[in-house]
Amino acid sequence: MAIIAQHGEIFIILACLFGFFMAWGVGANDVANAMGTSVGSRAITIKQAIIIAVIFEFLGAWLAGGEVTSTIRGGIVDPALLQANPQLLVYGMLSALLAAAIWLLIASAKGWPVSTTHSIVGAIVGFGAVGLGMEAVAWGKVGTIASSWLVSPLLAGTLAFVLFKSVQHLIFESHDPFAAAKRYVPVYVFLVGFIVAMVTLTKGLKHVGLDLGFGQSFLFSLLIGLMIMGLGILMERRVVYERRADDHFGFSNVERVFGVLMIFTACAMAFAHGSNDVANAVGPLAAVISVVRSDGVIDSAALVPWWVLVLGGGGIVVGLVTYGHKVIATVGTGITELTPSRGFAATLAAATTVVLASGTGLPISTTHTLVGAVLGVGLARGMAALNLRVIGTIVMSWLITLPAGAGLSILFFFTFKGIFG
């Protein structure tokens, strides 16, 4: 207790700095994932991707980032075992933030789309198991999180496969693909708006004073979906059929209609990503602030201060703007060739999976989810459409992430323990 009273201000300043560094890493690595499909399919430019991400990542983090944050903050290491020495939780969360942020910096420089969720969970488990003892880690919770890393790419891949097959059947195989695209794309736009709104309203808005029942959320989500659908129809009307000698079936015109839809799915993906992955940066930060402010009382259910979510959202945006281009290239063009229709199926499937997970409080890996969705779309076209060498490199970087985060975290934990005593 005395250590926390003595160094409380320093702990909060360090936590804010490391939290911002971690959020920067999330932006540089993970947001690039979220935007990779849209940029890779040439539906939007890098500049447009950054503007969309700035707005919707921030909104997702602020409006729907509360649920997952509580899991990262108090669900992995058992807070009850730390009541006697609360300063150990502070050292641990500071080391977890710094360790995960440094690993993300290395991965982003290499252009590897690694999982920020893996990084932070690995780092927290590392300091918990070595610094506090194996019994301090809630292994059941860690097992649930780890299983979600396998389930989420499978679910997203399956959804993306089904969505892309529906696009092929309803639009590309019809006798007039362009007319079919104009007819069905508004329905897909409605789906995007409805799904994201539904999960956000049912799960995410308690901390901003909106606590709606299921029925109310359903009605509001229908309205939001219809409004977004109306906007999509207006934008779609601007797409005029262009006759090209090399395009006998009019598929390039269909892809231009899907280009409109990709703008909406890019917004949905950025929102979904902000809601899930801001927790990786601000969960440990919120834990440090709550321990310092309560003079050493550990309460995993303490509310996340609003400015902490703002700090996380701001760091994410800075990371994307300064360093996101390398990972965008890997996800957007490295795994399989993407067109707007394929990119749409991958992005909507991934966004749906991520917002569902955010709603249940599971910190899943957006990276695994999106890469799984892109693989699903590639498989819908056959194995030859996939670049297996790039996929191998990505899987290798995933396997290294957990031990890298844990190892660095253990090192920093004992460093902080030595400095502050």
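Helix axes here are lines fitted to C-alpha atoms over the stretch in contact, and the angle between two of them runs from 0 to 180 degrees between N-to-C directions. Please keep in mind that this is a predicted model.

Let us begin with helix α4, residues 86–110, and helix α5, residues 116–132: their axes come within 8 Å and cross at roughly 140°. Angles over 145 degrees would count as roughly antiparallel, so α4 is oblique to α5. The crossing of this pair is right-handed. On the α4 side, the residues in contact include L88, M93, W103 and L104, and they meet a set in α5 that includes T116, I120 and F127. By class, the contact of α4 with α5 holds 14 nonpolar residues, three polar and no charged.

The second pair is helix α6, residues 139–172, with helix α13, residues 366–380; here the axes come within 7 Å and cross at roughly 35°. This crossing, too, is right-handed. Among the contact residues are W149, F161 and K165 of α6, together with H368, G372 and L379 of α13. The contact of α6 with α13 divides into ten nonpolar, six polar and one charged residues.

Finally, the cores. Which residues have the most contacts inside the largest nonpolar core? They are F11, M22, M35 and L94, in a core of 73 residues. Helix α4 gives the most to this core, with 15 residues. Another core, of 49 residues, lies apart from it and includes L163, V167, V254 and L370.

Key:
Residues are numbered from 1 along each chain as its sequence is written. This is a predicted model: local features need pLDDT of at least 70, side-chain atom pairs count only at pLDDT 80 or more; totals for chains, interfaces and linings use all residues. Side-chain values use heavy atoms; hydrogens and water are left out. Helices (H or I, at least four residues) and strands (E, at least two) are DSSP runs, numbered from the N terminus. Angles under 35 degrees count as roughly parallel, over 145 as roughly antiparallel, 65 to 115 as roughly perpendicular and the rest as oblique. A crossing is left-handed if the near helix is turned anticlockwise from the far one by less than a right angle, and right-handed if clockwise. Contact means heavy atoms within 4.5 Å. Ala, Val, Leu, Ile, Met, Phe, Trp, Tyr, Cys and Pro count as nonpolar, Asp, Glu, Lys and Arg as charged, and the others, Gly among them, as polar. A nonpolar core is a set of buried Ala, Val, Leu, Ile, Met, Phe, Trp, Tyr and Cys residues joined through side-chain atoms within 4.5 Å. Buried means under 20% relative accessible area, exposed over 50%, partly exposed in between (1.4 Å probe, protein chains only).
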